[in-house]
Amino acid sequence: FDEIVQPFGNVEYNYDDNNQTEREKKGPQELPNNVAANLLQSISLGIDMFDCVMPTRNGRNGMLFTKDGILNMRNEKWKNDHSPIEEDGASYVDEAYSKAYLRHLLVSNEMLGSQIASQHNLAFYLWLMKKAGQMIDEGLFSSWKSKMMLTLEMRL
């Protein structure tokens with residue numbers, strides 16, 4: 001067996017490309033607590049189940065994951081940005097509320113801000129997993145993943 005250790009963020013992935021059948025025999029593979037970019041790397045390594053509190057934990061603290069990168073809604077720059085949370089987002093909250101309003105709710109410690117941010121992040125993670133499945137089905141996952149991981153890690 002040629003074991004490969006692939007570091008990624010704070011997680012080390014151990015896998016053996018020559019031993020796919022052994023992984024399949026083990027059944028579902030789980031990896032807990034991942035940011036969005038790590039999920040795509042995990043999928044490419046055969047992980048197919050995720051136990052993740054990131055969408056809600058980070059949402060409660062004002063961090064939003066989007067198709068364009070990461071937004072810290074507590075930053076001053078969103079104070080007067082009345083554009084939608086995310087254009088063509090995966091949830092109704094993305095068009096229903098502005099960045100400025102969500103920022104106001106979060107810095108004021110209003111519970112609604114945490115709920116909106118969590119709803120957005122959960123919908124985004126669901127969109128990301130569906131999109132990954134679509135790209136796998138179309139045989140485009142590897143190239144899509146490379147581009148998407150760079151985008152997902154970008155701070156806006």
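Student: How many residues does helix 7 have, and what span does it reach from its first C-alpha to its last?
Tutor: This is a predicted model. Helix 7 covers residues 141-152, which is twelve residues. At 1.5 Å a residue, 16 Å is expected. The span it reaches is close to that, at 15 Å.

Student: Which residues of helix 7 are buried, and what arc do they cover around the axis?
Tutor: The buried residues are Phe-141, Trp-144, Lys-145, Met-148, Met-149 and Leu-152. They sit on the same side of helix 7, because the arc they cover is only 130°.

Student: Which residues are exposed on the other side of helix 7?
Tutor: Exposed stands for a relative accessible area over 50%. On the other side of helix 7, two residues are exposed: Lys-147 and Leu-150.

Student: How many of the nine residues of helix 2 are buried?
Tutor: Helix 2 runs over residues 36-44. Its buried residues are Ala-36, Ala-37, Asn-38, Leu-39, Leu-40, Gln-41, Ser-42 and Ile-43. Helix 2 is thus mostly covered, and the count of buried residues is eight.

Student: Are helix 2 and helix 6 roughly parallel or roughly antiparallel?
Tutor: Their axes come within 11 Å. They cross at roughly 30°. Angles under 35 degrees count as roughly parallel. Helix 2 and helix 6 are therefore roughly parallel.

Student: Is the crossing of helix 2 and helix 6 left-handed or right-handed?
Tutor: The two helices meet through side-by-side sets of residues. From helix 2 come Ala-36, Leu-39, Leu-40 and Ile-43. From helix 6 come Phe-124, Tyr-125, Leu-128, Met-129, Ala-132 and Ile-136. The crossing is right-handed.

Student: Which residue just after helix 2 takes a positive phi?
Tutor: Look just past the end of helix 2. The phi there is about 95°. The residue is Gly-46.

Student: Which helices and strands do the buried residues of helix 5 pack against?
Tutor: Helix 5 covers residues 99-107. Its buried residues are Lys-99, Ala-100, Leu-102, Arg-103, Leu-105 and Leu-106. They pack against helix 3 (54-60), strand 5 (63-66), strand 6 (69-72) and helix 6 (111-137).

Student: Which residue with a positive phi follows helix 5?
Tutor: The phi of this residue is near 60°. The residue is Asn-109.

Student: Is Cys-52 buried, partly exposed or exposed?
Tutor: Cys-52 lies in the loop between strand 4 (49-51) and helix 3. Its relative accessible area is 24%. Buried needs under 20%, and exposed needs over 50%. Cys-52 is therefore partly exposed.

How values were computed: Residues are numbered from 1 along each chain as its sequence is written. This is a predicted model: local features need pLDDT of at least 70, side-chain atom pairs count only at pLDDT 80 or more; totals for chains, interfaces and linings use all residues. Side-chain values use heavy atoms; hydrogens and water are left out. Helices (H or I, at least four residues) and strands (E, at least two) are DSSP runs, numbered from the N terminus. The expected span of a helix is 1.5 Å times one less than its number of residues. Buried means under 20% relative accessible area, exposed over 50%, partly exposed in between (1.4 Å probe, protein chains only). The arc is that of the directions from the helix axis to the C-beta atoms. Contact means heavy atoms within 4.5 Å. Axes are lines fitted to C-alpha atoms, for helices over the stretch in contact, and angles run from 0 to 180 degrees between N-to-C directions. Angles under 35 degrees count as roughly parallel, over 145 as roughly antiparallel, 65 to 115 as roughly perpendicular and the rest as oblique. A crossing is left-handed if the near helix is turned anticlockwise from the far one by less than a right angle, and right-handed if clockwise.
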